[in-house]
Amino acid sequence: MSAPDSTPNARTPLLPPQAVKVLAIAFAAGLLLFLLVWLKSRHHYDFYKADGTDASASQTSTLPAPLPPDLASGDGNPGSNASGLSLPKDGTVAVPPPPARPPAPHPPASPPPTTAPPASTPVINDAVAQRSPAPRYPQAALRRGVGGTVKVLANVAPDGSVAKVEVAEGSGNRDLDRAALDAVRRWQFKPATRNGQPVASEVRVPIVFSPVR
């Protein structure tokens, strides 16, 4: 009967040599890629300049300096700011009102309606008797003592002559009325005028017959 082997059993590797070689190559490639990306990002953002100064410090130095208190508060009043707007004590901003609209133009006034001037009142002068012979008293009426008044309507032409006569109001005696018409028919008148021009007109003439006792 043979004696047992006293040498311990060798451990078997976790990964085969071929897999280990692949992992090593992948690790080296990833490390190289990381370095390339880091160098590119460092050049892009320029965290550190070649002269050793910090780029962020340079950017900060170019910012404008803060305004002094007297400029930041306008004219020194605590209630105003750099823009000139006054701030109330409660912190609200006073917004200026919008500009007022210009007044709407008034429509042109229409001219007053023209009225025709009133017609001038014509100046009329009535006819006036210039030659008026007395009528003949009828003998029959005179013997009986008959008298009366006859109103004769005479149409006077523009030349002053009598164109027509008629009894406007009789005396009650035919002879007296006829004698009055015959007398006025022979009369001559100064014609009536309208604005200085002779015109035809009508004239009422009273003829009075009074018997003498």
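Q: How many helices and how many strands does the chain have?
A: In this predicted model, the chain has five helices and eight strands. Along the sequence they follow the pattern α-α-α-β-β-α-β-β-α-β-β-β-β.

Q: Why is the pair formed by Y137 and F209 called edge-to-face?
A: The ring centres of Y137 and F209 lie 5.4 Å apart, and two rings count as a pair if their centres are within 6.5 Å. Their planes stand at 85°, and an angle over 60 degrees is edge-to-face; therefore the pair takes that name.

Q: What makes this a link between distant parts of the chain?
A: Y137 sits in the loop between β2 (128–131) and α4 (139–144), whereas F209 belongs to strand β8 (residues 201–209). The two residues are 72 residues apart.

Q: Why is the pair of W187 and F189 called tilted?
A: The centres of the W187 and F189 rings are 6.1 Å apart, within the 6.5 Å limit for a pair. Their planes make an angle of 45°. Stacked requires under 30 degrees and edge-to-face over 60, so the pair is tilted. The structure holds two aromatic pairs.

Q: How do you know whether W187, F189 and F209 are buried or exposed?
A: The relative accessible area is 11% for W187, 2% for F189 and 4% for F209. Buried means under 20%, so W187, F189 and F209 are buried.

Q: Which residues have the most contacts inside the largest nonpolar core?
A: They are V152, V165, V184, F189, V205, I207 and F209, in a core of 21 residues. The elements that give two or more residues to this core are β3 (148–156), β4 (162–169), α5 (174–185) and β8. Helix α5 gives the most, with five residues.

Q: What is V184 in contact with, leaving aside its neighbours within four places in sequence?
A: V184 is in contact with V152, A154, V162, V165, V205 and I207.

Q: Why is L35 called partly exposed?
A: L35, in helix α1 (residues 17–45), has a relative accessible area of 40%. Buried requires under 20% and exposed over 50%; the value for L35 falls in between, so the residue is partly exposed.

Q: Which residues form a nonpolar patch on the surface with L35?
A: The patch consists of F27, L31, F34, L35, W38 and L39, with about 660 Å² of accessible area together.

Q: What share of the chain is buried?
A: Buried residues make up 16% of the 213 residues. The chain exposes about 17,600 Å², and carbon and sulfur atoms supply 61% of that area.

Conventions. Residues numbered from 1 in each chain as written. Predicted model: local features only at pLDDT ≥ 70, side-chain atom pairs only at ≥ 80, totals over all residues. Heavy atoms only, no water. Patch = residues over 30% accessible without salt bridge, like charges linked within 9 Å, V, L, I, M, F, W, Y side chains within 5 Å. Areas by Shrake-Rupley, 256 points an atom, 1.4 Å probe, with all protein chains shown as cover. Salt bridge = Lys/Arg side-chain N within 4 Å of Asp/Glu carboxyl O. Helix = DSSP H or I, 4+ residues; strand = E, 2+ residues; numbered from the N terminus. Buried < 20%, exposed > 50% of the residue type's maximum accessible area, 1.4 Å probe, protein only. Phe/Tyr/Trp six-rings, centres within 6.5 Å; stacked < 30°, edge-to-face > 60°. Core = buried A, V, L, I, M, F, W, Y, C linked by side-chain atoms within 4.5 Å. Contact = heavy atoms within 4.5 Å.
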